[in-house]
Amino acid sequence: MTRIALVALIALGGCSFVPPYTRPTAPVPAAFPAGPAYPASTEPLPSVSYRDIFRDARLQAIIEQALANNRDLRIAAANVASARAQYRIQRAEQLPLVNSNNTVAITDPGTGRTNNGGSPVTGGQRTNYSLSLGVTSFEIDLFGRLAALSQAEQARYFATEAGAHATRLALVGDIAAAWLQYAADSSLFTIAEQTRTNAQRSVTLTKARVDGGIAPRTDLAQAQLTLATAESDLAEQTTAVAQDINALELLVGARVDPALLPLSIEEAQPTVAALPAGLDSGVLLRRPDVVQAEYQLRAANAEIGAARAALFPRLSLTAFAGLASNGLSQLFTTRAFNYSATPAISYPVFAGGRSKAGLAQARAQFDAAVATYEKAIQTAFREVADALARRGTITDQLAAQERQAAAAADSYRLSDARYRGGIDTFLATLVTQRNLYQAQRSLVATRLTEAANKVTLYRTLGGDALLDAERDGPRPVARPQ
């Protein structure tokens, strides 16, 4: 009868108190914003890799180098391995721990002393042999407490894995942005260098005119002021370029071959392709950080099941089976076999409400996880909407900046020719030169913004770090009560 009851109790081990769960409704509109600031697009977001977006072979080589050397990725990989091991540890709690105990005891009848594991000696000594296997305090998971804890650790493992994908996505985006920043600063360096050369030519010409008595000394002072400004900007851009390399090498985790660096933003900008954003905001659910938040929500849901199961009694089993004989030839006979099994049920009569408080805590943590998940979606929606607003207007702005720079260059050439011909004052030339300088710098900044916006869309839409949140089957249901 005892055996039948024990078997029946073990059969109940499939019971689970983990609440049903469904993914919370996304607290954002079903579509991204539309209007004058946003691009018109009906294309769905494709499955892409960073190679589809960052098409320059040099940038691809730097990204590959970073994926192999970046320390943040190594930390993320170690965290994933740790989370996987923790899940395996928790899952092992559902299995019995079997210990083996094997002895050979030699007893002297005269003194009663026993030599365990020693060699038998003559004189009437008695030798006892024993082989045994034992299970100590194995918890039979009647109400699914251990299974719920295992499910929670599995969800945390998947969350950590999604976090590693988020780290990888951020790294690729940061490297592309740093590479483009280097390109922009290289262009600004070239502009400052060209401006210094022109300013130096103006100083030489103006000094000759002052010495010849056909120009006032104020013209020379203005020319020298422009030269000093250009020299200051050149020194600043020299620093910026060096710092860009340092930032890029930190991201890569190794030295970067100078041959892999772009010469200018004009060269680098066209190599970054646009990512069609589409209209459906459901693409946000595949962002790694959103997937990570949902797996953390699943873990909190499973913790509620474990807390519920803790309200019920726990059944543990201590079992022993072994062979014992004073003769080695009789050790493996039926008469030498013996066993015992002792089930035990424990239930706290009084714990000061600890178990109920644990359940209340698990529910509160679930509510916090829901809010965290919803905020992750809202943040993702805002980031994409901002990037789309920039995408919808940057083309017009860039075209206007190009026209402005072309007009400023033409104005400077005409003004400089009129000054050299003695028609205009140097002040007019100085003004057009400064306008050209500012227009060129603004054009570089706008080109950088246009290319960086594509990087931002790649990053905010999930890029190629695509995780399917449905990969482990149908979604377990709303907030548990």
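Is Y87 buried or exposed? Y87 is buried, at a relative accessible area of 13%, where buried means under 20%, exposed over 50% and partly exposed in between, using a 1.4 Å probe and protein chains only. Before going on, a quick word about what you're looking at. This is a predicted model, where local features need pLDDT of at least 70 and side-chain atom pairs count only at pLDDT 80 or more, while totals for chains, interfaces and linings use all residues. Residues are numbered from 1 along each chain as its sequence is written, and side-chain values use heavy atoms, with hydrogens and water left out.

Searching the whole structure turns up 4 aromatic pairs; rings of Phe, Tyr and Trp (its six-membered ring) pair if their centres lie within 6.5 Å, and planes under 30 degrees apart count as stacked, over 60 as edge-to-face and the rest as tilted. One of these joins Y87 to Y157: the ring centres sit 6.5 Å apart with the planes at 10 degrees, so this pair is stacked. Y87 belongs to helix α4 (residues 71-92) and Y157 to helix α5 (residues 145-211), so the pair ties together parts 70 residues apart in sequence. Helices here are DSSP runs (H or I, at least four residues), as are strands (E, at least two), numbered from the N terminus. Y157 is buried too, with 12% relative accessibility.

Next comes F158, which pairs with Y295 in a tilted arrangement, 5.3 Å centre to centre and 45 degrees between the planes. F158 is in helix α5 and Y295 in helix α8 (residues 288-309), 137 residues apart. Both F158 and Y295 are buried. Put together, ring pairs link Y87, Y157, F158 and Y295 into a cluster.

Now for helix α9, residues 354-420. Its 67 residues reach 92 Å from first C-alpha to last, close to the 99 Å expected at 1.5 Å a residue; that expected span is 1.5 Å times one less than the number of residues. Still, α9 has a kink of about 40 degrees, centred on T393. The bend at a residue is the angle between axes fitted to the seven residues ending there and the seven starting there. Just after α9, G422 takes a positive phi of about 80 degrees.

The largest cavity has 13 lining residues, with E139, F143, R145, P313 and R314 nearest its centre. On a 1 Å grid over the protein atoms alone, a cavity is a set of points where a 1.4 Å probe fits but cannot get out, and lining residues have an atom within 4 Å of a point. Strands β3 (126-140) and β4 (314-325) each give two or more residues to this lining.

Definitions and conventions. On a 1 Å grid over the protein atoms alone, a cavity is a set of points where a 1.4 Å probe fits but cannot get out, and a pocket is an open set with protein on both sides within 12 Å along at least five of seven lines; lining residues have an atom within 4 Å of a point.
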